[in-house]
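Take a walk through this structure with the coordinates open.

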Amino acid sequence: RLVLHPQVQQKVHEEIDTVVGRSRLLTEYDLTEMVYLTAVIKEVLRLHPPGPLLSWARLSVSDTLVDGYHIPKGTTAMVNMWAIMRDPHVWVRPLEFNPERFFNNCNNMDISIWGSDLRIAPFGSGRRTCPGQNLAMTTVTYWVASLLQKFQFGRWGESSIDLSEMLRLSCEMANPLMVRIHSRKVCS
Ligand code: HEM
């Protein structure tokens, strides 16, 4: 996504340069100030959730009614979070990659991804929610920020970016990503 949307990558680079600069390496403590990068990662999780069907099926233990639909006892159900996170009734221009959608007028994060807001729950919701969600967000933000502090990622020749996906244990890129990497000259 950062290669496909170089203006977004540039804004992340600007944020890293403002928060950390280039004279020292980024640390985990810098991450709380990376509000734009956090919005970028949220937007990637919205469009490319690694667990699109929330992974674990639910079994109804009694007859119940969900949104007018009768669900008999013993039914196995899966939550299609992938579809919810691309639903035009829920999101404005859902197929557009737009991290800005996660800012409200005060520039604060508006929409929680921790399971309290069912418009976007890439880690699930309820008692079987992902116990690794904080570790996951911190690690992913740290990796991406560390790589972007040192490098700029661009297209490999004339090749286009293939966003095809394949559902294995998690949802992955179907084909390997080929990119050209430029150094940004950071003191280590
Ligand atoms: C970006 C990274 C990750 C994503 C998107 C993710 C997403 C998910 C999702 C969607 C579920 C199912 C939740 C549900 O059914 O409601 C789940 C479950 C789970 N995740 Fe993650 N996860 C990530 C990273 C991690 C990490 C780093 C760990 C462990 C250190 C972890 C451990 C687990 C476990 C143990 C469960 C099963 C929980 C249960 O069934 O009670 N996950 N995860």
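Predicted model: local features only at pLDDT ≥ 70, side-chain atom pairs only at ≥ 80, totals over all residues.

Now turn to the helices. Two packed helices are described by the angle between their axes and the distance between the axes. Helix H2 spans residues 35-47, and helix H4 spans residues 133-150. Their packing angle is about 115 degrees, and their axes lie 11 Å apart. Angles of 65 to 115 degrees count as roughly perpendicular, so H2 and H4 are placed in that class. The crossing of H2 past H4 is right-handed. On the H2 side, Leu37, Thr38 and Ile41 make the contact. H4 contributes Val140, Thr141, Val144 and Ala145. By class, this contact of H2 with H4 has five nonpolar and two polar residues, with no charged ones.

Next, the backbone. Most residues other than glycine have a negative phi. Asp67 has a positive phi, near 50 degrees, and is not a glycine. Asp67 sits in the loop between strand E2 (64-66) and strand E3 (69-71). Is Asp67 buried or exposed? Asp67 counts as exposed, because it has 5 C-beta neighbours inside 10 Å, and the cut-off for exposed is 12 or fewer.

Arg93 is also a residue other than glycine with a positive phi, here about 40 degrees. Arg93 belongs to the loop between helix H3 (81-84) and H4. With 9 C-beta neighbours inside 10 Å, Arg93 therefore counts as exposed.

Methods: Residues numbered from 1 in each chain as written. Axes fitted to C-alpha atoms, helices over the stretch in contact; angles between N-to-C directions. Helix = DSSP H or I, 4+ residues; strand = E, 2+ residues; numbered from the N terminus. Parallel < 35°, antiparallel > 145°, perpendicular 65-115°, else oblique. Left-handed = near helix turned anticlockwise from the far one by under 90°. Contact = placed C-beta atoms within 7 Å. Nonpolar A, V, L, I, M, F, W, Y, C, P; charged D, E, K, R; others polar. Buried ≥ 20, exposed ≤ 12 C-beta atoms within 10 Å, placed from the backbone.
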